[in-house]
Amino acid sequence: MLNSETISSPDSTYVNILHSCHDHQAIAYYEKHGASTVEHAFAIANILHIHSKVLEASYFYRVAFDLHGKTQTEFPLPQSLLQVRLLCLLKSSNVPPPEELEELATYSPALANYIRGIQIAWQDGKVGQGLDLIGNAFEIFHSGEEIDRLYLELALRYAPVGLRSGEDIASPNPIPSHLYMYWDCDPPEEIRDNILYHQELLGPRFTIFDRESATKWLYDNYGKEIAEIFRKVRHPAEGADLLRLYVIMANGGWWLDADLRIRSLEAWKKLTTGSIKECHLFTTHNYVLHNDFFGAAPSNGIVSNGAMMALVNTFEHCGLYIAFKTGPGVLNRAVSRAIYSALQSHRPLCDLQIDDQHQFNETVEEYEVTYKIHGASWHSA
């Protein structure tokens with residue numbers, strides 16, 4: 001195991017570690033920049049982490065931590081470096097050193113409990129205790145960061161949360177059988193074909209927005225401020241993300257991205273008659289919630305919280321990665337909050353259904369579109 005005792009080793013140790021894990025991008029970065037500053041050690045750690053070289057990443061996160069001045073004005077913050085170092089150790093099936101957990105607690109008790117919660121859930125199988133320890137530590141992070149995905153993964157394994165139980169209890173506020181879609185302007189031929197397909201499939205139960213009609217709808221339903229925010233977003237994907245949340249929050253129904261299609265009328269009927277909860281979401285294999293296809297009843301609390309989060313991020317964190325800022329990340333954060341509330345009140349989440357990627361694929365399919373293949377400009381989210 002790579003541990004903190006080797007942190008003071010010479011540069012040859014860095015080279016040996018990088019070459020042993022065969023990460024050419026990390027090696028190239030090190031050869032160009034070295035690892036003698038927080039910035040560079042952190043960058044190498046992130047490359048390794050993204051490439052699932054988690055043990056090696058934990059080493060370089062510790063290097064960055066040891067180089068850090070330990071002030072709360074130097075970013076990344078020292079507690080951020082230490083918590084991700086310990087999380088990577090857990091991912092590599094190692095035990096975080098107790099002294100490092102104690103060190104983390106001196107900076108942030110909540111982050112230390114987050115790591116302890118993950119440890120007790122993963123290594124001891126005590127999922128309920130793990131969730132209790134984590135609490136709402138996700139509030140320290142931006143929406144959509146890894147803690148939301150890990151929290152959801154644990155909650156899906158813990159029956160008292162209710163995400164895998166009580167499927168036979170129908171909501172008194174069902175999801176309307178209406179499908180919404182958006183393309184801002186001038187759709188290419190394959191998108192026009194997909195729009196026509198859904199118009200023929202669902203008739204009056206399908207609504208397609210373009211930029212003009214979406215702006216008018218937002219103005220009529222939420223006022224000029226939201227309409228102006230939609231019109232002035234920095235990237236069209238953000239506008240589509242805001243629109244979907246506000247449309248479903250107001251009208252209820254189902255949202256589908258323009259590069260996806262309902263497989264068949266039978267698949268649609270199976271979905272809409274089988275969805276008996278107030279909110280129906282799908283998760284990818286790594287617990288990112290889909291915002292390209294989801295459904296909810298009007299005024300649903302999770303969608304409303306996601307809409308609020310997206311608006312706050314638009315103003316407070318304008319440079320945030322779009323998927324975290326207005327995209328799937330805000331749904332993940334809204335669900336984290338709902339899970340935490342359910343655990344605090346000891347009442348299961350009876351009105352939320354979360355299905356997996358396989359069930360997602362049973363209902364909708366993605367098809368090749370030339371604007372993606374040839375790298376054309378974005379029009380739909």
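**Exercise 1. Work out what share of the chain's contacts with a separation of 6 or more comes from residues 24 or more positions apart.**

Step 1: settle the term. A contact here means heavy atoms within 4.5 Å.

Step 2: read off the share. Residues 24 or more positions apart supply 70% of the contacts in the chain with a separation of 6 or more.

A quick note before going on: this is a predicted model, where local features need pLDDT of at least 70, side-chain atom pairs count only at pLDDT 80 or more, and totals for chains, interfaces and linings use all residues. Residues are numbered from 1 along each chain as its sequence is written, and side-chain values use heavy atoms, with hydrogens and water left out.

**Exercise 2. Find out whether Asp-355 is buried or exposed, and where it sits.**

Step 1: Asp-355 belongs to strand 7, residues 352-355 (strands are DSSP runs of E, at least two residues, numbered from the N terminus).

Step 2: check its cover. Buried means under 20% relative accessible area and exposed over 50%, with partly exposed in between (1.4 Å probe, protein chains only). Asp-355 has 12%, so it's buried. For the chain, 54% of the 381 residues count as buried.

**Exercise 3. List the partners of Asp-355.**

Step 1: leave out residues up to four places away in sequence; Asp-355 then touches His-280, Leu-281, Phe-282 and Thr-283.

Step 2: look for polar contacts (pairs of N or O atoms within 3.5 Å, one able to donate a hydrogen and the other to accept it; residues adjacent in sequence count only if both atoms are side-chain atoms). The side chain of Asp-355 makes one of 2.8 Å with that of His-280, and one of 3.1 Å with that of Gln-353.

Technical notes. Helices (H or I, at least four residues) and strands (E, at least two) are DSSP runs, numbered from the N terminus.
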